[in-house]
Amino acid sequence: LKRAAGSTAIRAAAFRPGGRVSSLFPPSLVLHPAVSPSISLPPSTSDQVVLYELENFQGRKAELTAECKDVTEKSLDKVASVMVESGPWVAFERQGFGGEQFILEKGEYPRWSTWTNSQSSNFLMSLRPLKVDGADHKLHLFEGAAFNGRKMEIVDDDVPSLWAHGFHDRVASIKALNGTWVAYMYPGYRGRQFVFEQGDYKHWNDWEASTPQIQSIRRVRDMQWHKRGCFTAPAPAPAPAPAPAPPAPPAAAAGSS
C-alpha cells in the first residue's frame, strides 16, 4: 500500500491460513512518516515531580528530582495523585521498581484513573525519571522470540492499533533503536503498560509480561524534545445533538365548537 507524500507510508505482509506469510508480500511492515520534520532542541531541563498521599493533590506531599525506590522513605504511605513539572517519569505499583509500570509525562494526575485504566492498582510506591535519548524514535517489533518471525518497523509515529496495520497482537521480542516507547496490551493505549528504553528485549519476560500480547504502542514524549511535553489521548467524538422538539400544535380558535 503506497500513499501520497505527507501521509504515512506502509508496507505490509499478508497471512495465509495457518499463519504463514504470503510469498507475494515481503515478511515485514514498515510504518513511518514520509517526511521527518527538523526539530530545534532547547537546553535540557531537570526532572521534577510532586507526589501527594491523597487524591486531588491533598495530604502530605514530597518533591522529587531523582529516583525513589520507596515512597515511604519520603514520609508517604502511598501516592494517590501526582504533578509532573518536568519529565517524563515511570512509576511502579510496588517498592523497588516492581510490579505494573505507569508512564507519567508532564501534566497533572489527580487520581489513579488518570495514569492507568488497567484497574489492577490504585496507587504508586516507587518511581524514576525516564531519559529520552533524542527527538527521533525507531522501534522493531517481532512476532517470535529472539527477533524471529514477522517484523514491524515504526519510525517517529504512534500506533493505536497494530491490527489496523495487519500486524496481529503477538509481539514476542522488541528492539528499541531510538527513543523511549510505551506499549499497551489493548488497542487505543489501554490496559497494562510496558516501557521500552533503548535496547534489545529478546523475550516478553524481559519487559515483565506474562504473555506476548501488545496491541498498541506510542512514543514517550519529553519536554526537552517536544513542545507539548506529553502525550494527549485523542478526545472522544462529541455526542450527537438532540433532535429539535416538534412544534407545538396551534391553539384552538376562541368560541369554536
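**Close-ups of a predicted model**

**View 1. The second largest pocket holds about 220 Å³ of space.** Of the 14 residues lining this pocket, Phe 92, Gln 101, Val 195, Asp 206 and Glu 208 lie closest to its centre. Two elements, β6 (89-94) and β7 (98-104), each give two or more residues to the lining. A pocket here is an open set of points on a 1 Å grid over the protein atoms alone, where a 1.4 Å probe fits, with protein on both sides within 12 Å along at least five of seven lines; lining residues have an atom within 4 Å of a point. The volume is the space filled by probe spheres set on the points.

This is a predicted model, where local features need pLDDT of at least 70, side-chain atom pairs count only at pLDDT 80 or more, and totals for chains, interfaces and linings use all residues. Residues are numbered from 1 along each chain as its sequence is written, and side-chain values use heavy atoms, with hydrogens and water left out.

**View 2. Four strands make an open, antiparallel sheet, in the order β4-β3-β5-β8.** At the edges stand β4 (58-64) and β8 (107-109), each with a single partner strand, so one side of each has no neighbour in the sheet. Strands are DSSP runs (E, at least two residues), numbered from the N terminus, and two of them pair if DSSP finds at least two bridges between them.

**View 3. Strand β3 (residues 48-54) pairs with β4 over five bridges, in the antiparallel sense.** Look for Val 50: its bridge partner in β4 is Glu 63.
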